[in-house]
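Hi everyone, thanks for making time. Today I'd like to walk you through some charged side-chain pairs, so let's bring the model up.

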Amino acid sequence: MRTAKIERKTKETDVLVEINIDGTGECQIDTGIGFLDHMLHLMAFHGSFDLKVSCRGDLHVDDHHSVEDIGIAIGKAFYKALADRKGIKRYSSLYIPMDEALCLTVVDISSRPYLVFIVDFKSGTLGSMCTQSFKEFFRAFAYNAGITLHINLLYGENDHHKIEAVFKAFAVALKEASQIVADNIPSSKGVLL
């Protein structure tokens, strides 16, 4: 089983993450941010990742530090759980709809971190979560997981549907790219670290 545990403590947050990439979608999520909890549940379920996330953060300030540090910790856990990346599929690209919203997500587990995030929101918040924080979550994840991640929300009207399409597409693409399909390192360099 490809598993990892990461603890991250700063003056702003105290985060614990446990992940099993080869899980069944079981999760325990408590970030203090209800909408983020909902999205991380979707990520675990649709990615079939067992995911445990707890965070105590300075939410009296805003959600930024908590969201970013959760992204960092989940990214580091994903990176650690993948180990040498031997046999992984590496790439995935797919479209996922959520009612009227459609998202294209492309993943390369390359150890070359990069994020393209093309998502536009009408609202400033979803629940109590600032919509600007979603990009910070995905940037933190991508850079700490060592993946190239392109998220393009092609269209949609309802902000809840839009970000739900994003998280579902992200989860399924990550699951597909991390599947073991061979017994070699999928790189002409012979290494993905």
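Let's start at lysine 89, which is partly exposed at 36% relative accessibility; by that I mean between the cut-offs for buried, under 20% relative accessible area, and exposed, over 50%, with a 1.4 Å probe and protein chains only. A word on the source: this is a predicted model, where local features need pLDDT of at least 70, side-chain atom pairs count only at pLDDT 80 or more, and totals for chains, interfaces and linings use all residues. Residues are numbered from 1 along each chain as its sequence is written, and side-chain values use heavy atoms, with hydrogens and water left out.

So what does lysine 89 meet in a salt bridge? The partner is the side chain of glutamate 176, at 3.4 Å, N to O; a salt bridge here is a side-chain nitrogen of Lys or Arg within 4 Å of a carboxyl oxygen of Asp or Glu. The two come from distant parts of the chain, 87 residues apart: glutamate 176 sits in helix H4 (residues 159-178), and lysine 89 in the loop between H2 and strand E5 (91-98). Helices (H or I, at least four residues) and strands (E, at least two) are DSSP runs, numbered from the N terminus. Glutamate 176 is partly exposed too, at 25%.

Now look within H4. Aspartate 159 forms a salt bridge with lysine 162, with the closest N and O atoms 3.0 Å apart. About one helical turn separates them, because they are three residues apart in helix H4. Aspartate 159 is buried at 5%, and lysine 162 is buried at 4%.

In total, the structure holds eight salt bridges.
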